[in-house]
Amino acid sequence: MQNTKNKKRIIAIIAGSRGEYGYIRPIIREIEKDPELDYGLIATNMHVLDSFGRSVDEIKKDKIKIFSEVHNTFDGYTNLTMVKSLSVFMLQLPEILKQMEADVVLISGDRGEQLVAAIVGAYMYIPVAHIQAGEVSGNIDGTTRHAITKFSHIHFPANKDAAERVIKMGEQKERVFTVGAPQLDELIAGKVTPTKDICKKFQLKNNEPKILFVFHPITEEIDNLEKHMDKVMLALSSFKYQTVIILNNSDAGSNIIRRKITEHRKPNMKIYKNIPREDYAGLLNTVDVLVGNSSSGILEAPTFKLPAVNIGNRQKGRMRGINVIDVDYNKQQIEKAIKSAMSASFKKKMNKCINPYGDGDSAKRIVAVLKSAKINSKLLIKQLTY
Amino acid sequence: MKINDLKLNNFIVDKDQTIKEAMAAINDNHRGAVVVVDKSYLMVGIVSDGDIRRSIVGGRDIMSTVEEIVNANPIFIKDGQSVFGEAEKIFKDRVEINIIPIVDKNNNLTNIIIRNPLM
């Protein structure tokens, strides 16, 4: 390493999907404010894909500098192509980190690219810091999240529940910082497209009920995905309300979901691909119920006091606010839950809804830790507590 | 018009065809748009001259697939008895619309109604 003394501390940030960008942007804004810190964003997977809306353009519009765009995703979206895609990312990342002279690798959530980055960082002896550690998700993502924990040197769980889980995995307490969920920072700071603009953009009548639907495939339930989607879409299309459907990410099975949505669509349903985060937040703020299995029902919807009908196992085990109604892949159950979520009594109950995941200051806390952490053997060499 | 006829005409492209092929179809059909379907004739959406122009201005290659730029929310009509009445009304209210896909209850394309230039 040359000239390490005057060099700014460079944080390498990995962005692979739309969800993660919400964690990342408030953190980058904090890094930009600090003269001793710099960052390099590595955009990969669906961020650089046309068929998923090329959200990298949204990142550029936000004047965030992208150090590298890595095209890694193979077409086909099966379990096989998903793993193969990850291997391409793994092939390229070490060189990119070296070019960047990264001092810390910052990753978030529970997706494959993030695990790859954790492994690469750990093997290159670059400290790895992980946002949203210790939470539970009910599929391969959940496994990935905890595997990331084992490769990470600094953990940023969103709440006490998650922090305890990280510590129980044998991680040292001094590595764990309970910071809240940074994607809530912007929501709480009001980076939300106003309802008037949302109604115009998505052709919605504000005085009529509105449903937002977001559904992601679950890797190990892929054999049943068609059957599940039929039930879910039949339930959804039994409602005549205005419905906005946001198409899912590039996981195995996403093609099936797209086809099923197109098959079951009704004139009252509008389909959109990738939409800017402010607009997504605006939708959460505008609609009457969120239906599907997106983590935003658990993490973000409570901030807007928005009822969420959560279908299936994708969010299993995660801490919930009172806004969530859990249902199985069952037409009757889903219909009943949507009706109940849109009822006046449930709406009244929502006044008391508090978001268990954060207060809007997470990015500040994360950046403070990234800045002050001493990068030495104590940080880099991990001890299991048992 | 039957589905077999539809397949051969220049009002339909498969979602996996390129933007360039969609442009050729639009060029031939003189209606400024094509209907996009998948292999089983599920109606995926419509691509218009304007969608193509915007995508190219936005930096997209004409060899990309039409699925990437398809407007998934076109005006369409469910197959039934009043199809022509509805179509007439749409053509009257929306001067920019020249083709309207007709779909069955499973959203499969069964027909396309085309604006008569003399209407």
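Is A:Phe202 buried or exposed, and at what relative accessibility? A:Phe202 counts as buried, at 3% relative accessibility. The views below come from a predicted model.

**View 1. A:Phe156 and A:Phe177 form a tilted aromatic pair.** The ring centres are 6.1 Å apart. The planes meet at 45 degrees, so the pair counts as tilted. A:Phe156 lies in strand E6 (residues 154–156) of chain A. A:Phe177 lies in the loop between helix H6 (160–168) and helix H7 (183–189). The pair therefore ties together parts that are 21 residues apart in sequence. A:Phe156 is buried, with a relative accessible area of 0%. A:Phe177 is partly exposed, at 29%.

**View 2. A:Phe202 and A:Tyr272 form an edge-to-face pair.** Centre to centre, the rings are 4.8 Å apart. The angle between the planes is 75 degrees. A:Phe202 sits in the loop between helix H8 (195–201) and strand E7 (210–214) of chain A. A:Tyr272 belongs to strand E9 (residues 269–272). This pair links distant parts of the chain, 70 residues apart. A:Tyr272 is buried, with a relative accessible area of 16%, and A:Phe202 is buried at 3%.

**View 3. A:Lys65 lies over the face of A:Tyr39.** The distance from A:Lys65 to the ring centre is 4.8 Å.

**View 4. A:Lys84 places its charged end over the ring of A:Phe74.** That charged end is 5.4 Å from the centre of the A:Phe74 ring.

Notes:
Residues are numbered from 1 along each chain as its sequence is written. Chains are lettered from A and ligands numbered from 1 in the order in which they are written. This is a predicted model: local features need pLDDT of at least 70, side-chain atom pairs count only at pLDDT 80 or more; totals for chains, interfaces and linings use all residues. Side-chain values use heavy atoms; hydrogens and water are left out. Rings of Phe, Tyr and Trp (its six-membered ring) pair if their centres lie within 6.5 Å; planes under 30 degrees apart count as stacked, over 60 as edge-to-face and the rest as tilted. Helices (H or I, at least four residues) and strands (E, at least two) are DSSP runs, numbered from the N terminus. Buried means under 20% relative accessible area, exposed over 50%, partly exposed in between (1.4 Å probe, protein chains only). A charge sits over a ring if NZ of Lys or CZ of Arg is within 6 Å of the ring centre and within 35 degrees of the ring normal.
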